[in-house]
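Let's take a walk through this structure, one region at a time. Keep the 3D view open while you read.

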Amino acid sequence: MLSTLAAHAGRTPSAHSTTPWWRDAVIYQVYVRSFLDSTGDGVGDLAGVRAGLPYLRKLGVDGVWLSPFYPSPQHDHGYDVADYENVDPVYGDLAEFERVVTQAHRLGLKLLIDIVPNHCSTEHRWFRKALAAGPGSRARSRFHFATGRGPNGDEPPNNWHAMFGGPAWTRVTEPDGTPGEWYLHLFTPEQPDLNWRDPRVGEHFEQVLRFWLDRGVDGFRIDVAAGLYKHPALPDSDDPTADERTRDSVNPLAWNQPEVHDVWRRWRAVCEEYTARDGVERLLVGEVSVPSAREHALYVRPDELHQAFFFDLLSAPWDATAFRAVIDEALRDIAGTGSTVTWVLNNHDQVRTVTRYAGGPGAEHVGAARARAAALLMLALPGAAYVYQGEELGLPEVLDLPDDVLTDPIFRRTGSRARIRDGCRVPLPWSGQASPFGFSDAAAGARTWLPQPEWFAEYATDRALADTRSFWHLYREGLQLRRGLPQLGEGTLRWLEAPPQVLAMARGDGLVCAVNFGSDTVPAPVPGAPLLSSGPCPAGELPGATAAWWSTDTPAP
């Protein structure tokens, strides 16, 4: 035994626990546009979500996170919000949303919704009013308007670049028709950044939280949670293209400002008000991209966010040393705050796991084996986990979408397909042999908002349910064991001695999980057959690119 790491000990599984539900919950991310279409228009909607909830209950997750469904011009598919207190007609209406909440709770599922506080849409009433009001107005103080540099103000106020490409500033035409001030947008020109130094912004978002909490939501996933505040002087950056180059929030002048923690304290206080009413905790989970687990931990202190996604596991290369390093760091720094680590392997912004782990064309079988093993590892780790839709089907990335159907603003802004996100957002296949594969009630061959490839038939949900060797059954069995075994969920992790390129850990007393990151079969850490394995796993052996769980208390079945 090499080391012991405590991840807030003493937790029994959620089915038997009186501690907060979120600490070891497994949440399924629904990208609403691509989940299930109830109207035949080729776009997923809230009624489709409601129809799919029994499927998610059968899979065995604890809750659902919905991507944005607010009114939006859809320049970034809902992350450009025009009204935070309504539903875009393409997805339904408030009455349908309330039916989704009711159905989720009837099935025992928690429901989280996405909230986007860093920026809004240029169609938001605040921004339209700011444009009409002119320079120096109170309406403009809700955003970052500034005078340009150069003799005629023709140059942006600073040298920052947007994450999705190009300058982070756009110049407006003033009401009198003259070239005027510039406004800041760290993503696209259609997504102006809000100025959180104006107290009216914070007051409004607390109202938004209450609006949705009053309608029964169990919590919020917070987009760009390390954003909101910028350096008050908006100075030039030493590396102005860093965000654009990395597609990540690395400009220290634009992200991770100390004032943002006061926002999360106020939001936590709002959630605690609702928790006090019925004893059920409302959850805040943040999209926090910061340089280290130590900085990440600052966001999940007891009076701030309950959880924040730990992306280092997602970005780790397929290597035992790399995986162990990020797991150790997370358990040391994040779990040390009293929170639990929130593990993720994928989301709507990332290349799908099967394709990412394949490492290149022609190695899809390798990627699939590694993705299955990574899923079992994630479900065995102490803390909570989030699963992106389609991962339970083993869907690969769609890499060959034609340029003329791409919708990602990264492509529109840069002309480059590098790091575009459409390939992981293609509508799910549910059944049948041809598009729309049961995603829509439309006739075969009908168009979906992104085209589905013919090979999606191999990954359709009906096939997955019928094949006990499928990704779907691996996830379901893993989730069932996670719920039923007292060692899983929250608890302790103890590393065991293992061969090179193998990670082996004990969870509590009586359960061992091991992952072989290599290609050669090695001796298993436990004799006998495993409780569950990601691939064929003879007794006493652990093949390459395979994970398995063993009970050391009772004979395996």
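## A glycine in a loop

Glycine 508 touches Gln487, Thr492 and Arg494, leaving aside residues up to four places away in sequence. Touching, or contact, here means heavy atoms within 4.5 Å. You'll find glycine 508 in the loop between β14 (502–507) and β15 (511–516). Glycine 508 counts as buried because its relative accessibility is 18%. The cut-offs go like this: buried is under 20% relative accessible area, exposed is over 50%, and partly exposed is in between (1.4 Å probe, protein chains only). Glycine 491 is 17 residues from glycine 508 in sequence, and the two sit 6.6 Å apart in space, C-alpha to C-alpha.

A quick word on what you're looking at: this is a predicted model, where local features need pLDDT of at least 70 and side-chain atom pairs count only at pLDDT 80 or more, while totals for chains, interfaces and linings use all residues. Residues are numbered from 1 along each chain as its sequence is written, and side-chain values use heavy atoms, with hydrogens and water left out.

## Helix α6 and what covers it

Now look at helix α6, which covers residues 260–278. Helices (H or I, at least four residues) and strands (E, at least two) are DSSP runs, numbered from the N terminus. α6 has 19 residues and reaches 29 Å from its first C-alpha to its last, close to the expected 27 Å at 1.5 Å a residue. That expected span is 1.5 Å times one less than the number of residues. Just after α6, glycine 279 takes a positive phi of about 80°.

Which residues of α6 are buried? They are Val260, His261, Val263, Trp264, Trp267, Arg268, Val270, Cys271, Tyr274 and Thr275. An α-helix has 3.6 residues a turn, so residues three or four places apart point the same way. Covering the buried residues of α6 are, among others, β4 (110–115), α4 (199–213), β8 (219–222) and β9 (283–286).

## Parallel strands around β9

Strand β9 turns up again here. Four bridges join β8 to β9, and these two strands run parallel. Two strands count as paired if DSSP finds at least two bridges between them. Phenylalanine 220 stands opposite leucine 284 in β9. β9 also pairs with strand β10 (residues 307–310), in the parallel sense over two bridges. There, glycine 286 has alanine 308 in β10 as its bridge partner.

Which way do the residues of β9 point? Leu283 and Val285 point one way, Leu284 and Gly286 point the other way, and all are buried.

## An open sheet of three strands

Next comes an open sheet of three strands in the order β5-β7-β6, with antiparallel pairing. β5 and β6 stand at the edges with a single partner strand each, so one side of each has no neighbour in the sheet. Strands of a sheet pair through backbone hydrogen bonds, either parallel or antiparallel.

β6 and β7 pair in the antiparallel sense over four bridges.

## Salt bridges

How many salt bridges does a search of the whole structure find? It finds 31. A salt bridge is a side-chain nitrogen of Lys or Arg within 4 Å of a carboxyl oxygen of Asp or Glu. Take the one between the side chains of glutamate 181 and arginine 140 (2.8 Å, N to O). This pair links distant parts of the chain, 41 residues apart: glutamate 181 is in strand β7 (residues 179–184), and arginine 140 is in the loop between α3 (125–133) and β5 (145–146). Glutamate 181 counts as buried at 13% relative accessibility, and arginine 140 is buried too, at 3%.

Aspartate 154 and arginine 171 also meet in a salt bridge through their side chains (2.7 Å, N to O). Aspartate 154 lies in the loop between β5 and β6 (169–173) and arginine 171 in strand β6, so the pair ties together parts 17 residues apart in sequence. Aspartate 154 is partly exposed at 47%, and arginine 171 is partly exposed at 25%. Then there's the salt bridge of arginine 469 with aspartate 467 (3.2 Å, N to O). Arginine 469 counts as exposed at 66% relative accessibility, whereas aspartate 467 is partly exposed at 27%. Finally, salt bridges that share partners join Asp76, Asp349, Asp408, Arg421 and Arg425 into one network.
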